[in-house]
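Welcome! Take a moment to turn the structure around on your screen, and then read on for a guided walk through some of its parts.

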Amino acid sequence: MKRKMLGACLSLIVGMVAYGQRSLSSKLNQVTKKELALQVYPADSTARAVVLYEHGNYYVDEKRKFKKTTDYYHKVKILTKEGADKATVSIQLYGDEKVHGIKGSTYNLTQAGQVRKTVLVKDKIYEKQLTSKWREVTFTMPNIKVGSVIEYRYSITSPYSKIDDWYFQSDIPKVKSKFTAAILGNWKYKIRSVGYLPLTTNEVKVRKNCVYMPGLGMGDCVVLKYGIANIPAFEEEKHMLSAENFKSKVAFVLSSFTHADGRVDKYAKTWKHADSRLRRDFLDNQVSKKGFFKRNMPSSILEVENPLTRAEEVYGYIKEHYTWNGKYWPSQKVRIKRAFAEKTGNVFDINLSLFNALKAADIETYLVLSSTRNRAVPTKLHPIINEFNYLLVKVVVDGQVYYLDATEKQLPFGLVQFKAINGDGRVLDFDKGSFWEEITMKKVATESIRAKLDIDASGEVTGVLTRTTKGYKALNKRKELSRVSEEAYLDEFESRYPAIEVDSFKVDNLKEIAKPLKENFKVRISSERNNAAMAINPFLISQRTINPFKLKRRDYPVDFGYARKHFYRLELTAPEGYVFENIPQNMAIKLPNKGGSMVVNVAVQGRVLRLFCKWSIERSAYSSTEYFALKAFFNKLIKKQDVLLKIVPKQKG
């Protein structure tokens, strides 16, 4: 329920009449015995709670100085102990917004079959200040038990023009969800439906003569009614963008406001207008500071002849100069000269500095607006600037495109923070006009594991494991190694792989981030014994045991963020007089549409078994129709790696 003031107020419009819209708001005391007797929701037997009915009703409230009011009504059935969390309600308020009319009751059935009603009391309603502009009002419904039905309503009155999005879908199922509104004709909104569930109610009408304006006469209202019935819970799963992109809702963006004298204030601008505003207001004309960086960067960097090497040198200099303060969108005007002097800044300070420094080095450079993966993908239909909270830099060298981000010291040239890969980015070309572009990384994330092991007659396995990582795999591993001591890192490694004991450990290229990271383990491994026979899983630390995809249905796409490849090579030598049994069979499968592949090859020569396994995810994103192929792919990988290779005495004769 986040609200951001758009700064528009009612102008010279008086004598407005709500004309009955308020009467459409849902009233309390709608709980039935049938609802109280419900023990399991038939459409979802696993549900911890279910919304039986909810309704939001928006209108201009003449009783509250013609401010905008939304009346909220909720009726929820508690089905399990875990569902009791739905009895606690949080209301977020921005600025001058007010909540009023909070009322509610909890209904339970007694053993005698009588309905017992417990009313929410006012002194159990709490308010606290969250920030200078945000407040939170909370209450918990009383006397909650498994089987309770809670019913409550409240109203929020706002002086602002923002209409909150109405979410039909949440983490629990809903029987019915409805939103109604009467919007004055001089307020124009762009309205869009988000998500994969179709609206079962979708009505837009014009109500004549709903507003009287002195000197102008009667005005019209747009009356909306949206609803969905039998709504499944939204289930989140790994490898997805923010759920804000996929939960079914109706979203409102103010387009324009017409004053009583006919003047029109436009809020939904074109990208041409947005580009100018971005440069002037949000980037505060900080895109033309290349002279400053020409004077302040070492001249040796600017004199490098090779353009790619020169770009890499500039990137390294800015990245080492700054320390990111953890902030994204600036809370105040960007001042890169000040940030440069202080050697710290937010994402915009740092990457604007990088942009200007690259310009100073005569590198073709652009700014790219993005948003982090915990937020909705920015709308493409029209510019909504506050949907962006991240800034990247795009460079073009010898026709090759690289995306850069100098906020993280361990990021190599050509990678950005993973959290900033959230759909397409908006490339800001202030000469030719901005445009959308897919943000793709040049470096493929790879993990390559080599194991050279010997097993003796006692069942002890000894040898070396080498793990080499590149791209995001190396970045994540470097972060992990930097966070903890070597002892703690190895303790965690041995906890994850309890059959492995590390005798020695060495890391190559930990600080040389442009090179692959290489981990070298000298290990001893316990095998399973059954008399003289021994058994070991040959995939060792490359074995996958959990499928990230478990849903019976997934209506939203899979987003890995980047392509990835995994290689595993094993050379295992058996003791004299032993042979291998239960050897994994060769296998090769492919995902549809060139989406990926898996190959397993095994060969035995004398006492030596050589195993090669490769699997790859070739794209960053997959449609929901490809979901079951991905799910089956990982199931096959897990099944293939769930094997015990046996090493047994060779039969005589």
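In this predicted model, an open sheet is built from 8 strands in the order 25-26-24-23-30-34-33-32, with mixed pairing. Its edges are strand 25 (500–508) and strand 32 (587–590), each of which pairs on one side only. From one strand to the next, the twist averages 10°.

Let us look inside this sheet. Strand 24 (residues 460–470) and strand 26 (residues 517–526) run antiparallel and are joined by 10 bridges. If you find Arg 467, you will see Glu 519 of strand 26 standing opposite.

Two helices pack on the sheet. Helix 8 (residues 471–483) touches strand 23 (445–455), strand 24, strand 25 and strand 26, and its direction makes about 115° with that of strand 24. Helix 10 (residues 627–641) touches strand 32, strand 33 (596–605) and strand 34 (608–617); the direction of helix 10 makes about 165° with that of strand 34.

Ser 504 lies in strand 25. Is Ser 504 buried or exposed, or something in between? Ser 504 counts as partly exposed because its relative accessible area is 35%, a value that falls between the cut-offs of 20% for buried and 50% for exposed. Which residues does Ser 504 contact, leaving aside its neighbours within four places in sequence? They are Asn 520, Phe 521 and Lys 522. Phe 521 is 17 residues away from Ser 504 along the chain, and the C-alpha atoms of these two residues are separated by 5.9 Å.

Strand 6 is joined to strand 7 (residues 134–140) by 5 bridges, and the two run antiparallel. Here Tyr 126 stands opposite Thr 138 in strand 7.

There is also a hairpin to visit. Strand 19 (residues 390–397) and strand 20 (residues 400–404) pair in the antiparallel sense over 5 bridges. Lys 394 has Tyr 403 in strand 20 as its bridge partner. The hairpin has 2 residues between its strands, and Asp 398 in the turn has a positive phi of about 55°.

| Strand pair | Bridges | Opposite residues |
|---|---|---|
| strand 24 and strand 26 | 10 bridges | Arg 467 and Glu 519 |
| strand 6 and strand 7 | 5 bridges | Tyr 126 and Thr 138 |

Finally, step back to view the whole protein. Its secondary structure comes to 10 helices and 36 strands, and its C-alpha trace spans about 105 × 80 × 45 Å along the principal axes. Of the 653 residues, 49% are buried. Among contacts between residues at least 6 apart in sequence, 72% join residues at least 24 apart. The accessible surface is about 31900 Å², and carbon and sulfur atoms account for 50% of that area. The protein has 110 positive and 70 negative charges, whose mean positions are 5 Å apart.

Methods: Residues are numbered from 1 along each chain as its sequence is written. This is a predicted model: local features need pLDDT of at least 70, side-chain atom pairs count only at pLDDT 80 or more; totals for chains, interfaces and linings use all residues. Side-chain values use heavy atoms; hydrogens and water are left out. Helices (H or I, at least four residues) and strands (E, at least two) are DSSP runs, numbered from the N terminus. Buried means under 20% relative accessible area, exposed over 50%, partly exposed in between (1.4 Å probe, protein chains only). Contact means heavy atoms within 4.5 Å. Accessible areas come from the Shrake-Rupley method with a 1.4 Å probe; for residues, only the protein chains shown count as cover. Lys and Arg count as positive and Asp and Glu as negative; His and the chain ends are not counted. The place of a charge is taken as NZ of Lys, CZ of Arg, CG of Asp or CD of Glu. Two strands pair if DSSP finds at least two bridges between them. Axes are lines fitted to C-alpha atoms, for helices over the stretch in contact, and angles run from 0 to 180 degrees between N-to-C directions.
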